[in-house]
Amino acid sequence: LTFFSGFGLGTILLPVFSIYYPAPIAVGLTAIVHFLNNVFKIGLVYNHINWKVVLKFGAPSLIAALLGAYALEQLATTQLNLYSYQLNGYIFQITVFKLLIGVLIIFFSLFEVIPYFKNLSFNENKLTLGGLLSGFFGGLSGHQGALRSAFLVKLNLSKETFVSTGTAIACIVDVGRMSVYAFTFDFSNVKNNYSVILMAVGAAFLGAIIGNKLLKKTTLGFLKWFVTLFMIIIALLMMLGII
């Protein structure tokens, strides 16, 4: 799904991983899959990259991604508890980190289904601002693509250039945030979950190959609403401290 729109992999994969892993680990595992998928996509579409846009949007994205990744590390280690409650004999805790990630999942899941967000776009002179915003949220939660696409869509790029340029920028953000995660992420989580990572990467690669051959917008209205509803449910469960 992410091949056509420029976003979706992290938006969908993060709440799925959050069912099985603590939120910081889910963000780290999603980042690995996201990065490997973008590297693979670059190999498919690198001939159409607009390097001027990559530089103008990607440079501020890289700086902001470092800040966002640092903010993630601070929030994940602090784990400020806002509220605790008991349900059916189980104790659940609402933390600042899970609340923030849940809000971000809901916000970015609505980008493609609510008309206002779906049609949101910006002029070329806002590329630096777009890079900062996209990079920061990319480092914080992995949700960089929706904002990036909103800023790039107004540049009248060809569909090939739109896909390849967005992918190149995403790679830059991934490199930035993963360089911070490398110092804070417990790599035993990668070793212990390598089969899950390989399965997700394999699915992403397959999607990129199919998407590259089709390279045209497919009507996915029902699927988008279904996925959006699923993500909102997971985000609410996270915000309530249940997962």
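Q: Why is Phe230 called partly exposed in this predicted model?
A: Phe230 has a relative accessibility of 31%. The partly exposed class lies between the buried limit of under 20% and the exposed limit of over 50%, so Phe230 counts as partly exposed. The residue is located in helix α12, which covers residues 221–239.

Q: What makes Ile19, Tyr20 and Phe230 a nonpolar surface patch?
A: Membership requires over 30% relative accessible area, no salt bridge, and nonpolar side chains joined within 5 Å. Together with Ile19 and Tyr20, Phe230 makes a patch of about 310 Å².

Q: Why does Leu198 count as exposed?
A: The relative accessibility of Leu198 is 57%. The exposed class begins over 50%, and Leu198 therefore belongs to it. Leu198 is part of helix α11, residues 194–214.

Q: What makes the contact of Arg177 with Asp174 a salt bridge?
A: The criterion is a side-chain nitrogen of Lys or Arg within 4 Å of a carboxyl oxygen of Asp or Glu. The closest N and O atoms of Arg177 and Asp174 are 3.0 Å apart, so the pair meets that criterion. The structure holds 1 salt bridge.

Q: How do you know that the length of helix α7 agrees with its number of residues?
A: Helix α7 comprises 15 residues, 127–141. The expected span is 1.5 Å times one less than the number of residues, which gives 21 Å for α7. The end C-alpha atoms of α7 are 21 Å apart, so the two values agree. The buried residues of α7 include Leu127, Gly130 and Leu140. Gly142, which follows α7, has a positive phi, near 90 degrees.

Q: Why are strands β1 and β2 said to pair, and in which sense?
A: Pairing requires at least two bridges between the strands. Strand β1 (residues 81–87) and strand β2 (residues 90–95) have 6 bridges, in the antiparallel sense, and so meet the requirement. Among the partners, Gln86 is bridged to Ile91, and Ser84 stands opposite Gln93. The strands form a hairpin with 2 residues between them, and Asn88 in the turn has a positive phi of about 60 degrees.

Q: Which helix has the highest confidence, and which the lowest?
A: Confidence is highest in α7, at a mean of 88, and lowest in helix α1 (residues 2–5), at 58. The protein chain averages a pLDDT of 79, and 87% of its residues score at least 70. Where pLDDT is low, the predicted coordinates should not be read in detail.

Key:
Residues are numbered from 1 along each chain as its sequence is written. This is a predicted model: local features need pLDDT of at least 70, side-chain atom pairs count only at pLDDT 80 or more; totals for chains, interfaces and linings use all residues. Side-chain values use heavy atoms; hydrogens and water are left out. Patches are made of residues with over 30% relative accessible area and no salt bridge: like charges are joined within 9 Å, nonpolar side chains (Val, Leu, Ile, Met, Phe, Trp, Tyr) within 5 Å. Accessible areas come from the Shrake-Rupley method with a 1.4 Å probe; for residues, only the protein chains shown count as cover. Helices (H or I, at least four residues) and strands (E, at least two) are DSSP runs, numbered from the N terminus. Buried means under 20% relative accessible area, exposed over 50%, partly exposed in between (1.4 Å probe, protein chains only). pLDDT is the predictor's confidence in each residue, from 0 to 100.
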